[in-house]
Structures are given as structure tokens and as C-alpha cells.
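Work through the exercises below with the sequence and structure in view. Each task is followed by a solution in steps.

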Amino acid sequence: MPATVIMGGQWGDEGKGKLTDALAARASMVVRANGGSNAGHTVQTHNGTFKLRLVPSGILNPHVQCVLGAGVVIDLPTLVGELRALQSRGIDTSGLIISDRAHVVLPYHKELDRLEERRREQDEIGTTLNGNGPAYADKASRHGLRMCDVIRPEVLRRKLAIEIDSKNAQIVSVFGDSALDFDALYLELIDMAEVVRPMVVPTEVVVQDALHHGEQIIVECAQGAMLDIDYGTYPYVTSSSPTAAGACQGAGVAPRQIESVVGVYKAYSTRVGGGPMPAELLDETGELIRQRGREWGVNTGRPRRTGWFDAVAARQTSRLNGVSEVALTLVDVLDVFEEIGVCTGYQLPDHVLRHVPALLDEMEGATPILEFTPGWNSDTTAVRSFDELPANLLRYIGDLEGHLGAPVRYVGVGPDREQLIDRHG
Ligand code: GDP
Ligand code: IMO
Ligand code: MG
């Protein structure tokens, strides 16, 4: 059963792109399972830095077939732009295939994302404004257009004509904004659909055939499990399931075909956008983490909120996703700290929570219970084997393994491809 899931265990940006690129060296296929152009996955190689949004992070491995699964929502201008940018840097993208079931993000989804955020005023989610929420909402309410529709001009015309009317009614009467023009939208879409048409196939068949032939495949999630629509900090979440179960669904892989679930966790916490974050550091320690980790959004440039490792949240995501191996990333960012905090509980006025509560008021009102461990105070960026990591870091790793209930196999000591230690060599 040779499928491996790579998923984020926190609030996204854990370094999934880098790990996917590294593990893809030993795989024949990388399938992106969820999310859309809200993602930003960085891979840093000797050929420069690649910032991927929709294209799976296996694309820099020439032997790997990349797949956009049915669970992804596709923003065509972003995808086409990303493919052209990769091609201009000499990357072969000809192997990419796209699920004919994947939903399409349309300009009215972006418009509605922006308008809904504006209407929330102080309570905004802080979305990436890429239209993901409205596109997944249309998928669930059965108003979505899929790749199989947009590559057929007559089907597109018929379905778009119905949808644009109701969307324009909403944009004009609820939000008081201007209606979108059908003809302009239709023409733009058929142009872009023409570019991707040859790539659109029933990817679940290709994925299942590959598994049947014993090929090693990686399912790459976007976002992180604390942004999951069911078990994250709703409503401050994304609109898909960036989980091991969501990976199966989005990629077209059965649960029994998953051999390992690699949970990617930063050695501390970050979050971008609104929502509770009990272990957040609003002081100079948080700022130092932000500077050292270069914690600004890949696409949006927004500063990420920073904090100590939240073991309450991490334990929950590890358990709910059956994480079998952990990749602990950005460890080098903590190289200069005298002591390192871990949040082991959420203190409420009359009791301590050891799980993530559904009611956000509880999480927002919580004081983190912090346990401190001595830092290692040495440069780890040149270390390449697990045994050579400093003793205090090994102790920190041991502590986190206790919280996560899973072994740390990979350790990230810098952004470069080779700055990744595999404990198994
Ligand atoms: P993703 O969304 O999970 O793929 O992560 P992002 O690419 O959005 O953010 C991770 C950031 O950390 C990127 O800038 C990476 O280049 C960088 N990065 C990844 N692993 C490491 C690491 O081990 N150490 C350091 N210093 N940076 C890393
Ligand atoms: P990667 O794959 C970090 C966050 C947004 C916002 C919330 C909802 O790079 O880890 P959305 O646009 O999805 O409706 O926004 O989710 N968010 C991410 N945060 N990394 C991401 O992706 C994210 N994708 C969405 O900031 O808080
Ligand atoms: Mg990212």
C-alpha cells in the first residue's frame, strides 16, 4: 500500500512544499488533494526559490507525475500563470494532469470573498481573498462548475449563464457592488480552458492504476489541520479538509492504501489571518521568531503571527490524523534561544483544557500553560545527521514526540533542499 500523505499539523506554512519535494525524489507521483491558490509552497533549490500555489510540489523532480486531484479548486489564471512561469525557468510541466471533477474558482468567487470579508469588518477571517471559500460553498450547494464543464464551451456557456445571474443578483443587491459581464467572463474562460484542456482527465483512474502497479505516490495537502473546516478553529478556517481523511478523498485514494501519514510541524507556531492562537507571542520573542523564520506569507506578504509550539493543538491534529511520522521543520529558527516554551494546556478561569474546544470564546479567553526547556544555543544549519544534533535539541524533540505520540523522522535545519535530516539516513 504505497501511498504517503504529507499534511500540515498546525495552521499552514509548516514547510510541506519543501518536504514534498524531498520525498518526491523516491516517488513516481505527487497528488495535490485540497485547497487552491490560497496555498503557497516554497521549494528552495540550487536553481533558486520556487513558490508554488496550485502546481504540486513534486514538479521539480523530472521523473514525477504531478496530479491536481478532485478535491482541489482551480483558479485558471493562477494555474496558467504558474505553469508559464515554471516553463520559463526550464521546468518541464508537460506531465501535469488535472481532475475533470475539480471545481473551478470563478471571478465572482473572488469578488464574493472580498465582499464577505469587507462585511465582517472587525471579525474578518483574514482569508487570502482567492475565492476559495465561495468556490467550496458552491461545490457543496451544487452550484459549482467543474473542469469537465469549462473545457466544453457549450456546457460552460449554459452553466455559467445560470450561475452568473444569481451571483450578480447577490453582488448587486446584497453588497451594492457592480455586476460581472457574462461575455467577458465567458471569453476569458474559454481561452484559458483551451490551454489546460489536454491535461484534464479522470485522475482517480490514473492514481488507482499507479497504486495497483505498486508505484510510490505522495498525497500533498495544502493548509494545515488546525485550519480544517471540521476540527479547526471554525469559522477561522479554510473551506476544505487539509487532513489525512481529506487527502484520501481529494486525491482519490482509499484509506487502506495509505501507508504513512507524515505530519509536518514547525518547531514553534505560526498563523496568518484571524482566529484564536493561545500560544501567540506578542513580544520581542515573537518578533525574533518572525525575523529568523522569515515569517511573511509566500503570496500575500502578510506577517505571520508567531508563538511557542502549541502541544494541545498539535496533539489533537496528530491523533485525529493518525500521524505516523513527524517532520519537525524550521528548528534552526530556535538556535539562539536560551529557553524554549511549549504550551501544554489552555488555562480557563475554573479548569484546564487539554483539547481544542469547539467554542472559540473558550480558546480566545485561554491563558497558555507554558513549560520551558533549555535551548541548545548553537547553529544547527550545517548539521546533516540526526545524531549530531545538539543534546538539548534532542531533548526538545523527545518532549514533542511525547506530546505528538509519534516519532520525529525528519528535521528541517534551513530552507534549502539539502537542509533536511532524515533520521533513517
Ligand atoms: P508550506 O506552505 O507548508 O509549503 O510552507 P511555506 O513555503 O509557506 O513556508 C515555509 C517557509 O519556511 C518557506 O519560506 C520555506 O523556504 C522555509 N523553510 C522550510 N523549511 C525550513 C527550515 O527547516 N528552516 C528554515 N529556516 N526555513 C525553512
Ligand atoms: P499553505 O498551503 C497558511 C488561512 C488564511 C485564513 C484562512 C482562510 O501555504 O500552508 P482562505 O483563503 O483559505 O479562505 O483563508 O486560512 N490560509 C492559510 N494559512 N497557509 C496556507 O496555505 C493557507 N491557506 C489559507 O490566512 O486565515
Ligand atoms: Mg505556505
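Ala, Val, Leu, Ile, Met, Phe, Trp, Tyr, Cys and Pro count as nonpolar, Asp, Glu, Lys and Arg as charged, and the others, Gly among them, as polar. The model is predicted, with local features needing pLDDT of at least 70, side-chain atom pairs pLDDT 80 or more, and totals for chains, interfaces and linings using all residues. Residues are numbered from 1 along each chain as written, chains are lettered from A and ligands numbered from 1 in the order written, and side-chain values use heavy atoms, without hydrogens and water.

**Exercise 1.** Describe the shell around ligand 1.

Step 1. Count the residues near the ligand (a heavy atom within 4 Å). There are 17, and the closest are Lys16, Gly17, Gly40, Thr42 and Asp332.

Step 2. Sort the residues of this shell: four are nonpolar, seven polar and six charged.

Step 3. Assign elements, where helices (H or I, at least four residues) and strands (E, at least two) are DSSP runs numbered from the N terminus. The largest share, three residues, comes from α1.

**Exercise 2.** Which residue forms a salt bridge with Arg26?

Step 1. Apply the criterion: a side-chain nitrogen of Lys or Arg within 4 Å of a carboxyl oxygen of Asp or Glu. The structure holds 21 such bridges.

Step 2. Find the partner: Asp422, with the closest N and O atoms 3.6 Å from each other.

Step 3. Locate both residues. Asp422 is in strand β20 (residues 420-422) and Arg26 in the loop between α1 and β2 (29-32), so the pair ties together parts 396 residues apart in sequence.
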